[in-house]
Amino acid sequence: DTAAWEMRLPAAKLSELRTALTAWLKKHSCSRQELLSLAGSLSFAAKVVPPGRTFCRPLFESASKMPDLDTQRPIPADAMLDIRWWAACIESWNGRNLLISPSWDTAEDLGIFNDASGTLGFGMVFGDRWAYGTWLPAEEQHTIEWKELYAVVLALFTWSAELANHRVLLYSDNEAVCYIWRFGVSKKEKVMDLVRAGILRAAQYNVILSI
């Protein structure tokens with residue numbers, strides 16, 4: 001709706017999607033056809049919730065590995081995590097998002113910077129505000145990818161209201177972090193926990209964040 005400058009998911013479609021996701025959370029098995037149908041519906045919703053695209057692709061990939069359309073198979077664990085992400089996103093969403101300008105706000109434009117050290121801790125700055133912390137003993141054991149992403153996600157949670165309805169481009173010298181955020185894929189469960197939490201926050205505040 002260019003008059004209201006917003007994108008909307010039809011109320012009937014939103015209600016249908018909520019009902020479907022609630023049912024999926026109770027399922028233990030599905031057919032390839034069922035998973036493809038769900039992924040298609042979520043892809044439609046992702047036109048209004050762009051960050052959600054990250055968690056549509058793996059559903060299509062999981063469906064492609066099933067041998068035929070109709071045989072019931074256990075729902076892949078990764079697919080169920082993505083379904084839970086969508087259920088959490090849809091639960092409190094009103095079906096509307098403001099249209100976002102096609103131009104990107106860089107870190108320099110916004111004055112937002114963050115970084116993490118493998119041994120010392122993390123820090124972040126937004127304008128004249130800043131925060132930092134040291135790693136807890138349990139956090140010190142995580143990979144540098146986890147630590148770099150932690151700083152990004154923490155900044156997003158801390159200043160999500162200020163970043164709402166923006167396309168934000170952050171810079172990282174860690175190629176693995178850029179890849180993980182872009183594609184929403186990592187073999188490390190703790191890293192994926194951060195990715196899902198960060199992208200959910202971005203979806204809730206209509207932030208398109210690129211690293």
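Buried residues are those under 20% relative accessible area, exposed residues are over 50%, and partly exposed residues lie in between (1.4 Å probe, protein chains only). By this criterion, aspartate 82 is buried, and so is arginine 196. The model is predicted: local features need pLDDT of at least 70, side-chain atom pairs count only at pLDDT 80 or more, and totals for chains, interfaces and linings use all residues. Residues are numbered from 1 along each chain as its sequence is written, and side-chain values use heavy atoms, with hydrogens and water left out.

**Overall architecture**

- The protein chain has ten helices and ten strands; helices (H or I, at least four residues) and strands (E, at least two) are DSSP runs, numbered from the N terminus.
- The C-alpha trace spans about 55 × 50 × 25 Å along its principal axes.
- Of the 211 residues, 44% count as buried.
- Among contacts (heavy atoms within 4.5 Å) between residues at least 6 apart in sequence, 75% join residues at least 24 apart.

**Salt bridges**

- A search of the whole structure finds three salt bridges, each defined as a side-chain nitrogen of Lys or Arg within 4 Å of a carboxyl oxygen of Asp or Glu.
- Aspartate 82 pairs with arginine 196, and their closest N and O atoms are 3.1 Å apart. Aspartate 82 belongs to helix H4 (residues 77–91) and arginine 196 to helix H10 (residues 189–204), so the pair ties together parts that are 114 residues apart in sequence.
- Arginine 129 pairs with glutamate 162, with the closest N and O atoms 2.9 Å apart. Arginine 129 is in strand S8 (residues 129–134) and glutamate 162 in helix H8 (residues 160–163), so this pair ties together parts that are 33 residues apart in sequence. Arginine 129 is partly exposed at a relative accessible area of 37%, and glutamate 162 is partly exposed at 35%.
- Lysine 27 pairs with glutamate 34, the closest N and O atoms being 3.8 Å apart. Lysine 27 is partly exposed, with a relative accessible area of 25%, and glutamate 34 is partly exposed, with 32%.

- The largest nonpolar core has 61 residues, of which Leu21, Leu42, Trp85, Trp86, Leu149, Val195 and Leu209 touch the most other members. Such a core is a set of buried Ala, Val, Leu, Ile, Met, Phe, Trp, Tyr and Cys residues joined through side-chain atoms within 4.5 Å.
- Leaving aside neighbours within four places in sequence, leucine 21 is in contact with Leu38, Leu42, Ile83, Trp86, Ala87 and Ile90.
- Serine 160, in helix H8, counts as buried at 2% relative accessibility. Not counting residues up to four places away in sequence, serine 160 touches Arg201 and Tyr205.
- Asparagine 114, in strand S6, counts as buried at 18% relative accessibility. Beyond residues up to four places away in sequence, asparagine 114 touches Gly123, Met124, Glu148, Ala151, Val152 and Leu170.

**Surface**

- The protein chain exposes about 11300 Å², of which carbon and sulfur atoms supply 55%. Accessible areas come from the Shrake-Rupley method with a 1.4 Å probe; for residues, only the protein chains shown count as cover.
- Phe113, Val125, Trp130 and Tyr132 make a nonpolar surface patch of about 490 Å². Patches are made of residues with over 30% relative accessible area and no salt bridge: like charges are joined within 9 Å, nonpolar side chains (Val, Leu, Ile, Met, Phe, Trp, Tyr) within 5 Å.
- Phenylalanine 113 is placed in strand S6 (residues 112–116) and is partly exposed, with a relative accessible area of 42%.

**Backbone features in loops**

- Most residues other than glycine have a negative phi.
- Asparagine 165 has a positive phi of about 65° although it is not a glycine. Asparagine 165 is found in the loop between H8 and strand S9 (167–169) and counts as partly exposed at 30% relative accessibility.
- Asparagine 206 has a positive phi of about 55°, although it is not a glycine. Asparagine 206 is found in the loop between H10 and strand S10 (208–210) and is buried, with a relative accessible area of 3%.
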